[in-house]
Amino acid sequence: MKQVTLIPGDGIGPEITEAVKAIFEAANVPVKWEEENAGQTTFDSIGELIPQTLIASLEKNKVALKGPITTPVGKGFKSVNVHLRQKFDLHSNVRPAKTTKGIDTRFDNVNSVLFRENTEGLYSGLEMFDERLQISDSVARITRTGCQKIIRSAFEYAKKHGCKKVTAVHKANILKGAGALFLGVFNDIAKEYPGIEADDKIIDNMCMQLVVKPEQFDVIVTTNLFGDILSDLCAGLVGGLGVVAGANIGDDMAIFEAVHGSAPDIAGKGIANPTALLRSAIMMLHHLELKDEAYRIEAALEATLANKEECTGDLGGKANTMEFARNIISKL
Ligand code: NAI
C-alpha cells in the first residue's frame, strides 16, 4: 500500500476528489490517502493557507494529489501553488494534451506534452515597485541549473516514451540574456540525445503554429511564463481545462493536480467534471509504478468520455459528478 497526501482544495475540489476516491476504491488501487487541506477552506477555519500539518505530510509521503485552490484576492496572500512549487523545488510542470474520442475539438490528432519550468522566470517573486516614481520591475531570473533540470526532464521523458522530437520555446531574439541561456543549455543537452530531433521556436511563432498545425509537436519545453500560457493554449486544443492533467515534479517529490481553478460559479452543485483530477491521478499511478491500475482506469475513463450522454454537462452530457464517476466504475 502506498501512502499519498490528498489535498481536496476549495470550491469544486472536494466534489471531484470524492469522485476520484470512489473510482480508486472500486478499482482496488493500493493507495492509502492521507487527507490534509490548504487554501481558502483552511484559511477560514484555522487562519492558515498552508497548514504545517500539510507540509509535514508532504515531506513524509513525497507524493500528493491536489484539487484546485482559491487564492484569496488582496495583498499579503501568496499563491499556495507557487509556494509549494518553490518550497519543494518542483521544477518541472508536466502537462499532457491529447485528443480524446468523444470530446469535440477543432483538431483530431493532437498529442503533445509540455514541460514548463516551474520555479523561476517571471514567477521568481523578484518584484520591486517604486511608489514615488510609479515604476515596477518584475525580474525574470533564470539559472543554468534551472534550465538544465527542466530541459533534461523533457529529453528524459521523450527517451522513455519513444517521442521523436523536443521543441524548445523561447524569445532569444529579443531576450538576449535569459533567452540565450535557455537555448544554449537546450542545444548542449540535445547533443546527449542523438536519436531525438531538437527543434526550437520563438514564442510568437509557436502560438501561431499551435493553433494552425498542432499535430507537428511532440514534447515541448519552455520557461515559466511562456509555459503557463502555452499549457492552457494546448488544453484548449483538446477540450479545455476540465479535461487535462498536470504534474509538478521535483527530484524527490511530486504533486499531481487538476489544472483548472476552484470554479466558484458551480461549486456545491455536484455537477463539476472530475476528468482533469482523475487524469492527474492516473499520471500519479504511473509515477508510483502502479501501471496496471493506471491503464485500467484510463480505459474506463476513455470509454465513458466516448459516450457524451454519460458525461457531465460541460462535455455535453447529462450526468452529475458522481453519476459520471459511477459510469466509469461500471466499465472498470
Ligand atoms: P476556474 O478554472 O475555476 O473556472 C473557469 C470556468 O471553467 C468556470 O466557468 C468554471 O465553472 C469552469 N470549470 C473549471 N473547472 C471545471 C470542471 N472541473 N468542471 C466543469 N467546469 C469547470 O477559473 P477562475 O474562475 O479564473 O478561478 C477561480 C479560482 O480558482 C480563483 O481563486 C483562482 O485563483 C483559482 N485557481 C486555482 C488553480 C489551481 O489551484 N491550480 C488554477 C486556476 C485558478
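**View 1. The crossing of helices H10 and H11 is right-handed.** Here, a crossing is right-handed if the near helix is turned clockwise from the far one by less than a right angle, and left-handed if anticlockwise. The model is predicted: local features need pLDDT of at least 70 and side-chain atom pairs count only at pLDDT 80 or more, while totals for chains, interfaces and linings use all residues. Residues are numbered from 1 along each chain as its sequence is written, and side-chain values use heavy atoms, with hydrogens and water left out. H10 spans residues 291–305 and H11 residues 321–329; their axes are 8 Å apart, at an angle of about 120°. Helices are DSSP runs (H or I, at least four residues), numbered from the N terminus. Axes are lines fitted to C-alpha atoms over the stretch in contact, and angles run from 0 to 180 degrees between N-to-C directions. H10 and H11 are therefore oblique to each other; angles under 35 degrees count as roughly parallel, over 145 as roughly antiparallel, 65 to 115 as roughly perpendicular and the rest as oblique. In contact (heavy atoms within 4.5 Å) are Ala300, Leu301, Thr304 and Leu305 of H10 with Phe324, Asn327 and Ile328 of H11. By class, this contact of H10 with H11 has five nonpolar, two polar and no charged residues. Ala, Val, Leu, Ile, Met, Phe, Trp, Tyr, Cys and Pro count as nonpolar, Asp, Glu, Lys and Arg as charged, and the others, Gly among them, as polar.

**View 2. Helix H1 (residues 13–26) and H11 cross at roughly 20°, and their axes come within 9 Å.** That angle makes H1 roughly parallel to H11. The crossing of H1 and H11 is right-handed. H1 contributes Glu15, Ile16, Glu18, Ala19, Ala22, Ile23 and Ala26 to the contact, and H11 contributes Thr321, Met322, Ala325, Ile328 and Ile329. Nine of the residues in the contact of H1 with H11 are nonpolar, one is polar and two are charged.

**View 3. Helices H7 (residues 203–212) and H8 (residues 224–237) pack at an angle of about 10°, with axes 10 Å apart.** H7 and H8 are therefore roughly parallel to each other. Among the contact residues are Met206 and Leu210 of H7 and Phe226 and Leu230 of H8. The contact of H7 with H8 has ten nonpolar, no polar and no charged residues.

**View 4. The ligand is surrounded by 20 residues.** The closest are Ile69, Gly261, Ala263, Asp265 and Asn273. An N or O atom in the side chain of Asn81 lies 3.1 Å from an oxygen atom of the ligand.

Definitions and conventions: Helix = DSSP H or I, 4+ residues; strand = E, 2+ residues; numbered from the N terminus. Near = heavy atom within 4 Å. Polar contact = N/O pair within 3.5 Å; in protein donor to acceptor, adjacent residues only side chain to side chain.
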